[in-house]
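This report describes one protein model, element by element. The sequence and structure come first, and the notes follow.

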Amino acid sequence: MIADSSSWLCPGLLVTGTDTGVGKTFVSAIIAREVSNVARVGVFKPACSGAETRADGDIEWPDLETLRRSVTYSPTLDDICPYRLRVPLAPPVAARHEGVTIDYEVILAALRRQREQLEFVVVEGVGGWLCPLTEQHTIADFAESIALPVVVVARLGLGTINHTLLTIESIQRRGLPVMGVVLNDAQAEAGSLAAQSNVTELAHWTTAAFELPVPVLGVVSHGGESVCLSGSTQPARIDWRQLAQPLPR
């Protein structure tokens with residue numbers, strides 16, 4: 001698999017998750033909004049499954065609408081996501097159900113067009129790190145192909161230490177840099193004892209367990225609009241553009 005790392009493509013970040021429903025879209029939109037203050041930013045998701053029917057009868061994908069609202073220009077849905085599926089299943093399973101074939105090269109070409117035209121791109125994965133994307137490729141394969149630094153979104157609460165460390169281990173085995181972890185309170189668990197200890201414990205284990213330490217960048221409160229330092233309501237000062245340009249390994 002050849003990494004898409006040509007110098008004429010804009011930098012960016014891939015946002016992956018420890019599972020589905022952990023808040024990747026929230027965090028991707030936060031990153032896009034913040035970087036949009038200083039650069040022309042694009043957003044991209046290789047496939048999106050699980051549509052909703054609006055009151056007027058039209059179909060929409062809420063995650064894609066959230067991403068589209070996070071940037072300062074008006075991308076089309078085709079710009080953002082080449083494969084949009086109605087059934088809430090893993091993309092190749094949903095595609096089979098709907099009689100669609102997901103073409104990996106179509107996905108790569110769609111992202112390449114964005115990276116040729118913009119200054120920064122935020123790519124949101126699908127499901128967790130090893131979620132199937134096509135009949136032959138997972139999100140991990142896709143990440144390897146596009147060779148962007150990775151930000152991991154993890155759920156605040158019980159079980160997140162195991163899920164986060166497993167995800168980081170798998171990413172690093174692929175030779176990709178993990179630039180940090182964002183904890184998202186997707187299920188309003190901030191008051192639990194597990195959630196209260198997550199930041200401290202993850203900060204310890206992401207340093208102790210890996211040759212290349214991974215920082216805990218911050219926490220998104222339930223329904224929050226920014227990444228904050230633990231225990232604070234003030235946005236954390238994260239230079240997302242700098243994270244997109246990791247030091248040589």
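With which side chain does the side chain of H137 make a polar contact? The partner is the side chain of T134, at 2.8 Å; a polar contact is a pair of N or O atoms within 3.5 Å, where within protein one must be able to donate a hydrogen and the other to accept it, and residues adjacent in sequence count only if both atoms are side-chain atoms.

## Basis of the report

This is a predicted model, in which local features need pLDDT of at least 70 and side-chain atom pairs count only at pLDDT 80 or more, while totals for chains, interfaces and linings use all residues. Residues are numbered from 1 along each chain as its sequence is written, and side-chain values use heavy atoms, with hydrogens and water left out.

Helices (H or I, at least four residues) and strands (E, at least two) are DSSP runs, numbered from the N terminus. Buried means under 20% relative accessible area, exposed means over 50%, and partly exposed is in between (1.4 Å probe, protein chains only). Contact means heavy atoms within 4.5 Å.

## Helix α5

Helix α5 covers residues 104-117. At 1.5 Å a residue its 14 residues should span 20 Å, and the end C-alpha atoms are 21 Å apart, which agrees; the expected span is 1.5 Å times one less than the number of residues. The N-terminal end of α5 is capped by D103, with a side-chain oxygen 2.9 Å from the backbone nitrogen of E105.

Y104, I107, L108, A110, L111, Q114 and R115 are the buried residues of α5. Viewed down the helix axis they fall within an arc of 160°, so they line one face of α5; the arc is that of the directions from the helix axis to the C-beta atoms. An α-helix has 3.6 residues a turn, so residues three or four places apart point the same way. On the other side of α5, E105 and Q117 are exposed. The buried residues pack against β2 (41-44), α3 (77-80), β6 (83-85), β7 (120-124) and α6 (139-146).

## F44 in strand β2

F44 lies in strand β2 and, at 0% relative accessibility, counts as buried. The C-alpha atoms of F44 and V121 are 7.3 Å apart in space, although 77 residues separate the two in sequence.

## Helix α6 and the residues around it

H137 sits in the loop between β7 and α6 and is buried, with a relative accessible area of 17%. At the start of α6, a side-chain oxygen of T138 comes within 3.2 Å of the backbone nitrogen of A140.

Helix α6 is mostly covered, with 7 of its 8 residues buried: I139, A140, D141, F142, A143, S145 and I146. The cover over these buried residues includes β1 (12-17), β2, α5 and β7. A147 follows α6 and lies in the loop between α6 and β8 (150-155). At 33% relative accessibility, A147 counts as partly exposed.

## Positive phi values

Most residues other than glycine have a negative phi, and most peptide bonds are trans. A147 has a positive phi, near 55°. A188, also not a glycine, has a positive phi of about 50°. A188 lies in the loop between β9 (178-184) and α8 (193-208) and counts as exposed, at 51% relative accessibility.

## The largest pocket

The largest pocket has a volume of about 480 Å³. Of its 24 lining residues, T20, G21, T25, S49 and D63 are the closest to the centre. The elements that give two or more residues to the lining are α1 (24-35), β3 (47-49) and α2 (62-69). On a 1 Å grid over the protein atoms alone, a pocket is an open set of points where a 1.4 Å probe fits, with protein on both sides within 12 Å along at least five of seven lines, and lining residues have an atom within 4 Å of a point. Grid points are joined across faces, edges and corners, and a volume is the space filled by probe spheres set on the points.

T25 is placed in helix α1 and counts as buried at 9% relative accessibility. Apart from neighbours within four places in sequence, T25 is in contact with D63, T66, L67 and E124.
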